[in-house]
Amino acid sequence: MSEAQEFKHIGQRTIRPDGHDKVTGRANYAADLALPDMIWGKILRSPHAHANIKGIDTSKAEAHPDVFAVATHADIPNSDAGGVLNILAKDKALYHGHAIASVAARTEAAAEEALALIEVDYEVLQPVMSIEEAMADGAPLLHESLMTKGLAEEPTSPSNVASRMEMNKGDIEAGFAEADVIVEREFRTATVHQGYIEPHACTVRYDEDGQSMIWCSTQGHFGVRQSTADILSMEQSKLKVIASEIGGGFGGKLGVYLEPVALILSKKSGRPVKMQMDRDEVFKGSGPGAATRNKVKIGAKKDGSITAMEAHLYYESGAFPGSSPLGPGCMTVFTPYDVENQYVEGFDVVVNKARCAAYRAPGAPQSEYAAEMVINELADELGIDPIDFRLQNAAKEGTQTMYGPKLKAVGLVECLEAAKNSDQYKTALKENQGRGLAAGFWFNVGGDSSVVINMNQDGTGTIVEGSPDIGGSRASMQMMAAEELQMPVDSLIPVIGDTQSLPHSNPTGGSRTTFATGMAVIEAAADVVSQFKERAAATWNVTPDQVEWKDGVAINTSGDGELTAAQICAAASRTGGQISGRGNINAQGAGPSFAVHLADIEVDPDTGQTTVIRYTAIQDAGKAIHPSYVEGQFQGGSAQGIGWALNEEYVYNKDGLLENPGYLDYRVPLASDLPMIDTVIVEVPNAFHPYGVRGVGESGIIPPLAACGTAVSKAIGIWMTELPMSPPRILKAIQDKS
Amino acid sequence: MAKTHVTASINGDVKEFLCEPSDTLLQTLRDELGLTGTKEGCGSGDCGACSVTINGRLVCSCLVLGVEAEGTEIETVEGIGASDKLHVIQEKFLEHAALQCGICTPGLIVSTKALLEENPDPTEEEARYYLAGNLCRCTGYDKIIRAVMDAAETMRGGA
């Protein structure tokens, strides 16, 4: 791999292979499959945030004429399976919307009628709705046996703190002693939701003798099979999971909610069962992103060199321990900075809210928000431009991270320089406007990816991959295969194979798909090329190394002869059987992606209303396979981060009940809320990928929180420390100041 | 309760179907007529994924009852573009990469067509406000708006 590598297909803006189906409405998503004799399942959810379940009487529901099956926790075959208490509660309801029971009936309306007939005897308990409440002396306990992990001394009594972790490098106290200026602040971020437009849904069929089937929307169908088979005590070979088209996930469709329940209902009723969440169920009963309370302290010398960075991070885990993204939050917090003395301590705390799930760069937006806000305030205190301050302290090749490895070549400096050269940074601001800049770091991951390229008898091919395509990755797979095979892009059709068609593949998450599954595609394509050479060599009675593969044609380098892919494939049955290339890999060497964003925001001082007037997202892609979809990731991450910063939050009442489980009141950014989002793709190649690819999906959601946080703060002249910066909160800050 | 017999023109085909009085048009289209291109994102008129037109008027089909379709002309995403030729709006969405997951796309295609029929030469701001009822969580809208503006120009016969 070299920077001078020349590509034929990589870097082009091809039309995505699944695009036609998606603009015509033909693409099939989770809720789009109906099976003969199918019935409808629904979930009864807890109306309380915290309650003991003294009893569940389902007899009246079972007697409903249209009801085929009712299931509660008692119907779960393996009640020791992971996460099973979130699938159907056992003896405690731990959040408003916690699944309690389920029914399957002839119609969705009948299922809803039957839910109303289920009688649950609740003993309502005091809810625990914040980190402070959860950690207070004498706080009600969610889990009577939860003992904090990671403390220096083993705890002797249970609490709501699930775990503590700590990392450090250098000497934090010595670092602060060297500082001329120290800024310390505490920040809060609210519970937020990924907000994917497609609700969770599935259609399933239990088959006692053969293959049970789940059709669902998921980021990882192999994971759905593993979890569901475990919960139902089934062998994985007897459960086929088909990944439908997926209508957004952002981390929220990595786990299972409905699928095991639907399969239990199908098993009990003998009918195929369809389930789909209503939007309010998605907000209440799926996994939101963690609320946090984070303290950050950073010190620097007058010359702009940072001497010490310290963080104390508190992450809400939701109702179950260990579900917060505390680990990556701690690991990422200071990674953009090459600073010798760093310290972080973090806590995972249970509260009576839905169990947290991953949300795009899980954990990093919250912790890096706190760090970047303090960096900007410190730059102000020192009178240094925030880009220059970052450039002076930026992480680069060789920087020792707090969490372990030294960074390889990374593109943070290049992103910062691009920010400095951007049109936006050169544009003057007007009254009531502020500008914020922030950096973001995400690791990216590799892992198991399985790919088979099956060559057809006419010389076209099918790329079968195990990674659900959530944002256009099939286009990238097609382009990488075409590049390697030196064949036309549209002669190679990518499809997502079901769990019985391929070996295990890790889910689409961690920005891994274009990187890791892309490597598997390249390996599978190389396998096909080598078989092409062998077949051609056998035809010409030469050795494979005497065959060159060029522009989709095998050339006999020691004599006359050319064979096209179509000719080789047409003759395959006579030269050794059909041709298929395999790439089953565990991808190593995921390259981190740094991002730098610029936000210009105008604040109406009379109302606190914010308007994003300009926005630029800059990020290192390593090598952009399909630049449009890379830009799309930057822009989409920006929009979600802007929503997180300005508007989005779960609002709970005093009883711990969620008051805004809908898009009207949980307000994600609309087309009318945003400006065009300018993008700059920086390409510092990842040495571990054949084309230099870095994952790009996640880093883009990290910088908007502090970029917007700083822009608003600058516009009103007050350092804001709580998200979202909704109009009432901004107005209060302005009024408190005056 | 007895079902109601409804006759309506759906994408130019006259269809007869039975509706429960409580069925939404969205349920009717998807579950009764098998037209699953129209998506359900919220069921409360907040996301626009279920956008269709009734007698040319843009509506959220989750907020209309199936029985209200009686005697009307309904157009869904399946009625836009011919089998061998996409509509310009569909082409521009693909060219501009104006979709990622694609779940909002049918609603946006329907809404964009309604926009450009009402206003063939919208400003960017007009397009953004007209499409404010169609949520997209993936794209940040940038490429959608570019596709819409390009489609408008092409449909006006511009370059």
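The legends below describe close-up views of a predicted model. Residues are numbered from 1 along each chain as its sequence is written, and chains are lettered from A in the order in which they are written. In this predicted model, local features need pLDDT of at least 70 and side-chain atom pairs count only at pLDDT 80 or more, whereas totals for chains, interfaces and linings use all residues.

**View 1. Domains 1 and 2 of chain A.** Chain A is divided into domain 1 (19–26 + 450–587), domain 2 (33–125 + 198–247 + 253–285) and domain 3 (292–444 + 591–737), with bounds from an automatic or database domain assignment. The C-alpha centres of domain 1 of chain A and domain 2 of chain A lie 39 Å apart.

**View 2. The side of chain A that touches chain B.** Here 43 residues of chain A are in contact (C-beta atoms, placed from the backbone, within 7 Å) with 43 residues of chain B. Two or more residues come from each of α1 (19–24) and α19 (627–646) of chain A; helices are DSSP runs of H or I with at least four residues, numbered from the N terminus. The most is given by α19(A), with 7 residues.

**View 3. The crossing of α19(A) and α20(A).** The axes of α19(A) and helix α20 (residues 703–716) of chain A come within 8 Å and cross at roughly 50 degrees; axes are lines fitted to C-alpha atoms over the stretch in contact, with angles from 0 to 180 degrees between N-to-C directions.

Methods:
Contact = placed C-beta atoms within 7 Å.
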